[in-house]
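Thanks, everyone. Let me put the model up and walk you through a few parts.

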Amino acid sequence: MKNLIILLFFSIFIGCAPSITKQEFAPQMYVEHPKSILVLPPLNKSTAADAKDYYLTTVAEPLTNSGYYVYPIEIVTDILKQEGLSDTETMMNVPPQKFREFFGTDAVMYVSILKWNTVYLITSGSVKVQIECELKSTRTGITLWYYNEEVEVSTTGDNANQGGLAGLLIQAATTAIKTAATDYVPVARDVNKKIFLAIPFGKYNKNFNKDMLTKIELKKKTEKK
Amino acid sequence: MKIISSVIVAIIVLQFIGCAPETQFYWGNYSKTLYAYKKSPDDKTLAVHKNSLNDIITVSTKKHATVPPGVYAELGYILLKENKEKESFECFDKEIKLYPESIEFIGKLKAEFHSGETK
C-alpha cells in the first residue's frame, strides 16, 4: 500500500516533468498582459510544403483557449495582401508597432516552421515539428514570449490495444493510412496545443494572471539566438 | 486504511488538476473545413467552411458558451463578399460586443467595404 502511494506521488512529477515556471519563462507577459494577438503567416523553412497551411488553420483554437483574442487569420492574410504584403519574408521585417497602427493588436506573433518531419515506422508513426515563435509587443517592440522547441506528436493508429499478430497487422495498416494519406489537421492542432502550454493565460481564460508559478515542461529556458 | 485511500484519491485528483488542459471554446470542425478551403478554394469548400462557422455559433449558444474570438468576424467577412451587407454588419457588431479589442480591426473591414462601394 505504502509503495502504491509513493508510486502515485512520483507519477505526478513524471506526468508533468516540471522544471521552470511560466513567469521565469516569460516575465514580460505578466508586465504587459497583451489581450490580443495577431499571428502572421509563418515562414516555412521545413521540407513539408503543406506545413504552412497546417499551422495557420490550427493555431487559433489552442491560442484562443489560452485566453487571447486572435485575429482571424484568413482576413489578416487578405488585408496584408491588399497592402502589398504577401511575401512572408518581407512581413517578418515589418516592425511590430506597424501592426498596432493597422489592426489595433497588442502583440504580434512571428512564426518560422523550422522542421516538419514525418517519422514512419511500421507500427508507429509520428510527426516531429520544430517551430520558432516570437511574440512581440506592439507598444514597446520587445519580445514578450519566445518558444523554440521540438514537439513530437504521434500518428500511430488507434487499434494499439488489439493484441496478437492480427492486432499488430491492423495497427500497422491504420498507422500507414494515418501517416501517409491523412489528414494532419488534428496532428497540427496537437502540435499547437503543446506549444501553447508554455504561454501564460490571457484575459479570456479563467486562470488569467494566476499561473505565474505554474511549471511548464521545458528542458531549458529557450532564448532567442 | 480509510486515510490511505483518501490520500490516494487526493493524489489522483491532484494529477488531473496539474495537467488537464482547459477547453473553454467550442471550435467544431473549424480547422478541417478551413484547411480544405485553403487547399482548394471554391464555392463548395467555402460553403462547407461557412457551415462550420454557423455550427460553432449554434452549438456555443446552445451550451451557453461564448462564441470564440474571430468567428463572427470571419462569418461577417464571408457575408460581405456575398454582398450581404446587413447580415455581415450584424456579425461584425456581435464580434465587437463580445470582444471590444476587435473594434479597430472591424472598423477597418467596414470602412473598406464602403470605400469599395464608392469606387
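Start with Glu134(A): its bridge partner in β7(A) is Tyr146(A). This is a predicted model, where local features need pLDDT of at least 70, side-chain atom pairs count only at pLDDT 80 or more, and totals for chains, interfaces and linings use all residues. Residues are numbered from 1 along each chain as its sequence is written, and chains are lettered from A, ligands numbered from 1, in the order in which they are written.

Strands β6 (residues 125–137) and β7 (residues 143–154) of chain A pair antiparallel over 11 bridges. Pairing takes at least two DSSP bridges between two strands. Helices (H or I, at least four residues) and strands (E, at least two) are DSSP runs, numbered from the N terminus. Five residues sit between the strands of this hairpin, and Gly141(A) has a positive phi near 85 degrees.

Now helix α4 of chain A, residues 51–58. Seven of its eight residues are buried, so the rest of the structure largely encloses it. Buried means 20 or more other C-beta atoms within 10 Å of a residue's own, exposed 12 or fewer, partly exposed in between, with C-beta atoms placed from the backbone. The buried set includes Asp53(A), Tyr54(A) and Tyr55(A). Its packing partners include α10 (185–195) of chain A and α2 (30–39) of chain B.

Last, the core. A nonpolar core joins buried Ala, Val, Leu, Ile, Met, Phe, Trp, Tyr and Cys residues through C-beta atoms within 7 Å. The largest has 71 residues, and Tyr55(A) and Met109(A) are among those touching the most other members. β5(A) gives the largest share, seven residues.

Technical notes:
Contact = placed C-beta atoms within 7 Å.
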